[in-house]
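Trainee: I'm new to this one. Could you walk me through it?

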Amino acid sequence: MSQSSSIVRKVTMSLSGLFLLTFLPLHLLINSLSLCSADLFNDAVHFMETNLLIQVMQPALGIGFLVHIIMGIKLEMQNRKARPIKYEFEDAKGSSTWASRNMIVTGLLLLAFLCLHMANYFVKMKFTGMDGQTAFELVTNLFSMWYYVVIYVVSFVLLGVHLSHGFSSAFQSVGANHTKYNPIIKMAAQGYVAVITIGFTIIPILHFLGIAPFCTL
Ligand code: HEM
């Protein structure tokens, strides 16, 4: 493996990661409408399903996920081959975090979550049918089962851990590494991770507890 193709992989990985980072806030915004009102959420999902721009972006999103996953696995295999005992050295220096050393573990667990999540929603809404349920009922019925709430909440915590390293690392890999801007990137990463993790986590919990929806729209 030449050094230049290794850099190309790392940059591709970072660019696809940065692209995926733009999807999550929009997805969170739409999903948090389910905490407000059933009609508002159903209308937003319908808009997403029929909007031309979103229809064009959906395959791009799928490709983004595929590229990110394939590159991640390849990079991990390449790193293991090159430095089988790297973590002992990094630990001793204290230069790595648990999140940075376990990106492949959290990444693969998130892949398993994504497969389950697609079966829960995407496949039903796009291909197999929803048994007469609305999108809102699909969400509330799923989160009436405690084990789905546990699986989703654990996955969102893993997502937070994965992003806590991924966000800053992606910026560094595409060259945004400057003593002046690094603290700003770090702060943006912490803010982004907190909003995404807490935002997604409260959705299944509030539905399970029967607290949501709480708007009168
Ligand atoms: C409470 C949390 C979540 C809920 C209620 C939720 C709900 C949904 C629903 C209803 C859809 C189908 C929308 C459609 O096809 O138009 C969907 C699709 C999708 N979700 Fe989620 N989701 C959640 C969290 C996440 C997270 C954390 C990720 C990523 C790590 C994710 C990734 C996706 C992807 C990739 C799709 C397919 C693309 C799309 O349809 O836009 N979801 N989700």
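Predicted model: local features only at pLDDT ≥ 70, side-chain atom pairs only at ≥ 80, totals over all residues.

Trainee: How do the residues of the shell around the ligand divide into nonpolar, polar and charged?

Mentor: A residue is near a molecule if its C-beta atom, placed from the backbone, lies within 6 Å of it. There are 18 residues around the ligand, and Asn31, Tyr121, Phe122, Met125 and Ile203 come nearest. By class, the shell has one charged residue, four polar and 13 nonpolar.

Trainee: Which helix gives the largest share of the shell around the ligand?

Mentor: Helices (H or I, at least four residues) and strands (E, at least two) are DSSP runs, numbered from the N terminus. Several helices supply at least two shell residues each, including H1 (3-32), H6 (103-128) and H9 (182-208). The largest share, four residues, comes from H6.

Trainee: How many helices and strands does the protein chain have?

Mentor: Read along the sequence, the pattern is α-α-α-α-α-α-α-α-α. So the count for the protein chain is nine helices and zero strands.

Trainee: Is H6 parallel, antiparallel, perpendicular or oblique to H8?

Mentor: Axes are lines fitted to C-alpha atoms, for helices over the stretch in contact, and angles run from 0 to 180 degrees between N-to-C directions. H6 and H8 pack at about 140°, with their axes 9 Å apart. Under 35 degrees counts as roughly parallel, over 145 as roughly antiparallel, 65 to 115 as roughly perpendicular and the rest as oblique, which makes H6 to H8 oblique.

Trainee: Is Thr106 buried or exposed?

Mentor: Thr106 sits in helix H6. A residue is buried if 20 or more other C-beta atoms, placed from the backbone, lie within 10 Å of its own, exposed if 12 or fewer, and partly exposed in between. Thr106 has 22 C-beta neighbours inside 10 Å, so Thr106 counts as buried.

Trainee: How far apart are the end C-alpha atoms of H3?

Mentor: The expected span of a helix is 1.5 Å times one less than its number of residues. For the 31 residues of H3 that should be 45 Å, and the end C-alpha atoms agree, at 45 Å.

Methods: Residues numbered from 1 in each chain as written. Nonpolar A, V, L, I, M, F, W, Y, C, P; charged D, E, K, R; others polar.
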